[in-house]
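Here is a short report for a first look at this structure. Keep the sequence and the model side by side while reading.

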Amino acid sequence: MKTFTLTRPDDCHLHIRTGALLKTVLPHTARQFARAIIMPNLKPPVTTVAQALVYREEILQAIPANVSFEPLMTLYLTASTTVDDIAQAAQHPHIHAFKLYPAGATTNSDAGVADVKAVYPLFEAMEKHDIPLLVHGEVAQSECDIFDREKAFIDECLLDMTRRFPQLRIVFEHVTTQEAVQFVEEASHLIGATITPQHLLFNRNTLLAGGIKPHYYCLPILKREKHRQALLNAATSGNAKFFLGTDSAPHLSHLKENACGCAGCYSAFGAMELYAQVFEEANALDKLEGFASFFGADFYRLPRNTGKITLEKQTWTIPDRYDEIIPLKTGETLAWKVTNPLF
Ligand code: DOR
Ligand code: ZN
């Protein structure tokens, strides 16, 4: 049987929620990833070190026995965040970044930042204390076409931010367009980007042609094929600026299959299998380990993991659901399977 062994990867963008949902989804991530950057968009958002430590404890309790997994905590940036909060977070060993959500841009972003320029003093503090800024890079203006919001964010915000704060480490999260790829390629070595499995696998036809498919609705929204091609090229290029972040975002099925459905694709159940399929189809399996296991750790200045995982070429059918969560590509088959002796 064909197998592929690589250094245990990290998921540099993950939503795991709390309570029962957390208990359902976390084992899926811990089965394959050694660490994950945990998104703070809970209700209420995780804005302080103290809240992040409470959340971290809840996550630690949900890790299956005999599995090593480290949650890398982040804080949600608001207009009320202070420069002292940033100094405190930057020196805390469990806090790895701040997340900027433009207010209204996505799920649980109401507490986010309405005016990006108004928080420039906070970016200055992050630059000084050398703690990364993670960006949901879409403008939230309702008049801006939803397919153009990422490009508008580059033009209206990111270009100026990178000029004013040249030493600030920024992750342009879940990039979805050719323009975002180009921006990151041309930016300094302190600018990175995550890429999700859904944006590598699908274009907007999957979401909209032949009927609306709510389980393919996420933000930023799936784009045209030419953008998917640009993402594929970036992910498989070996360029260390691009690394793995699933943006796996579980929602209860009735909240997605709804007249006003929530944004988010659930991919954690088979994340490495999904990426392996993408990289194999692009003839670039040799580039998967850098993307999944090295470049994210290097960006966050964390030691690379020492454990390994093995993927086996083995067809399996994705279950219809995991409790009340419908997985990405539900009911379809995958060509690779992570075989972890712990599970
Ligand atoms: O599709 C998304 N879902 N995009 C986000 O930015 C947030 C996420 C969520 O939390 O559900
Ligand atoms: Zn996200």
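The model is predicted. In it, 8 strands form an open sheet with parallel pairing, in the order E2-E3-E4-E5-E6-E7-E8-E9. Strand E2 (10–14) and strand E9 (242–244) stand at the edges. Each has a single partner strand, so one side of each is left without a neighbour in the sheet. On average, neighbouring strands of this sheet are turned by 30° against each other, direction ignored.

E2 pairs with strand E3 (residues 35–38) in the parallel sense, over 3 bridges. In one of these strands, E3, Ile 38 is the bridge partner of Leu 14.

Helices pack on the sheet too. Helix H2 (residues 49–61) touches E3, strand E4 (70–76) and strand E5 (95–100). The direction of H2 makes about 150° with that of E4. Helix H5 (residues 149–164) also packs on the sheet. H5 touches E5, strand E6 (133–135), strand E7 (170–172) and strand E8 (191–195). Its direction makes about 170° with that of E7.

His 15 is buried, at 7% relative accessible area. Asp 247 is buried as well, with a value of 7%.

Charged side chains also meet. A search of the whole structure finds 12 salt bridges.

| Pair | N to O distance |
|---|---|
| Arg 169 and Asp 130 | 3.2 Å |
| Glu 225 and Arg 228 | 3.0 Å |
| Lys 287 and Asp 286 | 3.5 Å |

The pair of Arg 169 and Asp 130 links distant parts of the chain, 39 residues apart. Arg 169 sits in the loop between H5 and E7, and Asp 130 in the loop between helix H4 (120–129) and E6. Arg 169 is buried, at 7% relative accessible area, whereas Asp 130 is partly exposed at 34%.

Glu 225 and Arg 228 are 3 residues apart in helix H9 (residues 225–235), so about one helical turn separates them. Glu 225 is partly exposed at 30%, while Arg 228 is buried at 18%.

Lys 287 is partly exposed at 30%, and Asp 286 is exposed at 60%. Finally, a network of salt bridges links Lys 2, Glu 280 and Lys 313.

Note on methods
Residues numbered from 1 in each chain as written. Chains lettered and ligands numbered in written order. Predicted model: local features only at pLDDT ≥ 70, side-chain atom pairs only at ≥ 80, totals over all residues. Heavy atoms only, no water. Pairing = 2+ DSSP bridges. Helix = DSSP H or I, 4+ residues; strand = E, 2+ residues; numbered from the N terminus. Axes fitted to C-alpha atoms, helices over the stretch in contact; angles between N-to-C directions. Contact = heavy atoms within 4.5 Å. Buried < 20%, exposed > 50% of the residue type's maximum accessible area, 1.4 Å probe, protein only. Salt bridge = Lys/Arg side-chain N within 4 Å of Asp/Glu carboxyl O.
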